[in-house]
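Subject: Structure for you to look at

Hi,

Here is the structure I promised to pass on. Have a look at it first, and then read on for what turned up.

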Amino acid sequence: MDKQWYVIHTYSGYENKVKANLERRVESMNMEDKIFRILVPMEDEVEIKNGKRKVTKRKVFPGYVLVEMIMTDDSWYVVRNTPGVTGFVGPGTKPIPLQPGEAAHILKSMGLDEARTRHDYELKQNVRVTSGPFQDFIGIIEDIQPEKGKLKVLVSMFGRETPVELDFSQVEKV
């Protein structure tokens, strides 16, 4: 399962408290391998008062917190039962992840994740897989998806070329 961004609904004004509570629960319940990043989307707002320019942080989506996680029963339970969380965004009890483009847009607007999308890979380039189940395999880049930070690499397995989807961080140039 891939990690994806989910939106959780909180009591309005408790977004930062929920973030702190959830970070503590993730650490105390050893869920670092399933729950990765917790964000309260913020943006700078310029206010001019009495001729003075003042920059303040403003919540982009009041009452909502973004969580990057792998959805399992355990990770759902940890997030859902965090004090201040009223539920996941989605129909019924089934959370719906953000589309990769939506999450990338939010992260980019916050000044995060921009470095992740920069790459210098080219199609048909040879790369070595550095981590995961295909570690030390050599493959050829077939497709580059910069918005997802992923590559489709053809690796030779059992005498056949097999497409494998990998993160930019899982490969290096040969």
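This is a predicted model: local features need pLDDT of at least 70, side-chain atom pairs count only at pLDDT 80 or more; totals for chains, interfaces and linings use all residues.

Before the sheet, one term: two strands count as paired if DSSP finds at least two bridges between them.

**Layout of the chain**

The chain is split into domain 1 (4–110) and domain 2 (125–173). Between the C-alpha centres of domain 1 and domain 2 there are 31 Å.

**The sheet**

E1 and E6 belong to an open sheet of 4 strands, in the order E2-E5-E1-E6, with antiparallel pairing. Which strands stand at the edges? They are strand E2 (35–39) and strand E6 (85–88); each has a single partner strand, so one side of each has no neighbour in the sheet. From one strand to the next, the twist averages 30 degrees. Helix H2 (residues 73–80) packs on this sheet and touches E1, E2, strand E5 (64–69) and E6. The direction of H2 makes about 145 degrees with that of E6.

**Helix H1**

Next is helix H1 (residues 15–28), which has 14 residues. From its first C-alpha to its last, H1 reaches 20 Å, close to the 20 Å expected at 1.5 Å a residue. Which residues of H1 are buried? They are Glu15, Val18, Asn21, Leu22, Arg25 and Val26.

What do the buried residues of H1 pack against? Their partners are E1, E2, strand E4 (52–59), E5, H2 and E6. On the other side of H1, you will find Lys17, Arg24, Glu27 and Ser28 exposed.

Just after H1 comes Asn30, with a positive phi of about 55 degrees, and Asn30 is a residue other than glycine. Asn30 lies in the loop between H1 and E2. Is Asn30 buried or exposed? Its relative accessibility is 57%, so Asn30 counts as exposed.

Asp136 is another one to check: its phi is positive, at about 75 degrees, although Asp136 is not a glycine. You will find Asp136 in the loop between strand E7 (126–129) and strand E8 (138–145). With 54% relative accessibility, Asp136 counts as exposed because the cut-off for that is over 50%.

Finally, take a look at Ile141 in strand E8. Ile141 has 1% relative accessibility and therefore counts as buried. Leaving aside residues up to four places away in sequence, Ile141 touches Tyr121, Glu122, Leu123, Lys124, Gln125, Val127, Leu151, Lys152 and Val153. How many residues apart in sequence are Ile141 and Ser12? They are 129 residues apart, and in space 45 Å apart, C-alpha to C-alpha.

Happy browsing!

Notes
Residues are numbered from 1 along each chain as its sequence is written. Side-chain values use heavy atoms; hydrogens and water are left out. Helices (H or I, at least four residues) and strands (E, at least two) are DSSP runs, numbered from the N terminus. Axes are lines fitted to C-alpha atoms, for helices over the stretch in contact, and angles run from 0 to 180 degrees between N-to-C directions. Contact means heavy atoms within 4.5 Å. The expected span of a helix is 1.5 Å times one less than its number of residues. Buried means under 20% relative accessible area, exposed over 50%, partly exposed in between (1.4 Å probe, protein chains only). Domain bounds come from an automatic or database domain assignment.
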